[in-house]
Amino acid sequence: MSEPTAADGQPVTPASPGPTPTGEATEALPATLWDRMRRDPQYAAEHLAVEAVRRLGPEAAQWARQARAEQPDATAENLAEQAVRRFVNRARLSGAVSGAAGLPGAVIDVGVLAWTQARMVLHIAAAYGVDPVHPDRAADLLVLQRVHKVAASARLALGVAAGRERAGALFGGGGQAPLGRVMLRLGVRLAQMAGVRAAKRVFAKVVPGAAIILGTWANSSATRNLAERSRALYRQHGNPRIPAPRRP
């Protein structure tokens with residue numbers, strides 16, 4: 001099965017979200033990624049980071065090339081700011097995109113937020129001339145999103161996740177934990193990656209009649225904080241050929 005599943009065993013398919021103010025649609029996570037994360041929720045963040053670099057890194061690199069061609073006088077700081085505005089707006093609207101109730105809907109919503117944030121980080125890297133397709137960006141994502149404290153532990157976890165994926169492909173997943181427990185673990189890991197600390201707020205959607213998961217303030221606040229950490233990192237390690245900010 002390739003999608004998150006409701007308690008009655010039926011697949012939960014994210015609804016197609018509406019366009020953002022910039023005319024873009026919020027992209028759902030790939031079904032194959034949901035598969036891997038459901039089979040291995042303990043390493044959901046690592047699986048998401050690797051898939052984000054693979055799928056979204058080329059997009060970020062192309063965006064940066066096009067932006068520099070169209071705005072030859074723009075500095076790296078200008079381009080980074082454009083990326084931040086674009087994806088904070090997306091994050092603000094990314095809650096409750098699934099149209100699904102209960103725990104599966106909550107997991108989908110927080111997964112979309114983590115995916116949107118990963119895309120933003122890769123665009124910020126590209127703005128500063130850092131290769132968004134390089135495998136090291138997956139470790140960057142895990143550190144910037146505070147899943148791991150340092151790059152060394154992030155790289156180790158990425159290696160473990162890759163090994164577990166290969167073992168699962170060869171030998172099967174073995175005994176599967178009850179669905180509700182899997183979804184809860186997956187939701188907690190994705191919420192951690194998205195910077196959502198208040199668990200009661202994250203899973204408010206599970207309670208009938210409760211407020212919609214991840215209000216716009218919580219989404220944009222977590223995403224802005226991540227943007228500041230990302231800019232600080234890539235400003236230091238970016239390509240020196242990218243123009244520096246102009247002094248007043």
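**View 1. Alanine 222 sits in helix H9 of this predicted model.** Helices here are DSSP runs of H or I with at least four residues, numbered from the N terminus. Alanine 222 is buried, at 11% relative accessibility; buried means under 20% relative accessible area, using a 1.4 Å probe and protein chains only. Look around alanine 222 and you will find that it touches Gln117, Ala194 and Gly195, leaving aside residues up to four places away in sequence. A contact means heavy atoms within 4.5 Å. Arginine 92 is 130 residues from alanine 222 in sequence, yet their C-alpha atoms are 9.9 Å apart in space.

**View 2. Arginine 231 also has its place in helix H9, which covers residues 216-237.** Arginine 231 is buried, with a relative accessible area of 8%. Its contacts, again not counting residues up to four places away in sequence, are Glu77, Ala80, Glu81, Val84, Ile124 and Tyr128.

**View 3. Helix H1 (residues 31-39) meets helix H2 (residues 44-70).** Their axes come within 9 Å and cross at roughly 160°; axes are lines fitted to C-alpha atoms over the stretch in contact, with angles from 0 to 180 degrees between N-to-C directions. That makes H1 roughly antiparallel to H2, a term for angles over 145 degrees. On the H1 side, Thr32, Leu33, Arg36 and Met37 meet Ala44, His47, Leu48, Glu51 and Arg55 of H2.

**Notes for all views.** Residues are numbered from 1 along each chain as its sequence is written, and side-chain values use heavy atoms, without hydrogens and water. Local features need pLDDT of at least 70 and side-chain atom pairs count only at pLDDT 80 or more, while totals for chains, interfaces and linings use all residues.

Notes: Helices (H or I, at least four residues) and strands (E, at least two) are DSSP runs, numbered from the N terminus. Buried means under 20% relative accessible area, exposed over 50%, partly exposed in between (1.4 Å probe, protein chains only). Angles under 35 degrees count as roughly parallel, over 145 as roughly antiparallel, 65 to 115 as roughly perpendicular and the rest as oblique.
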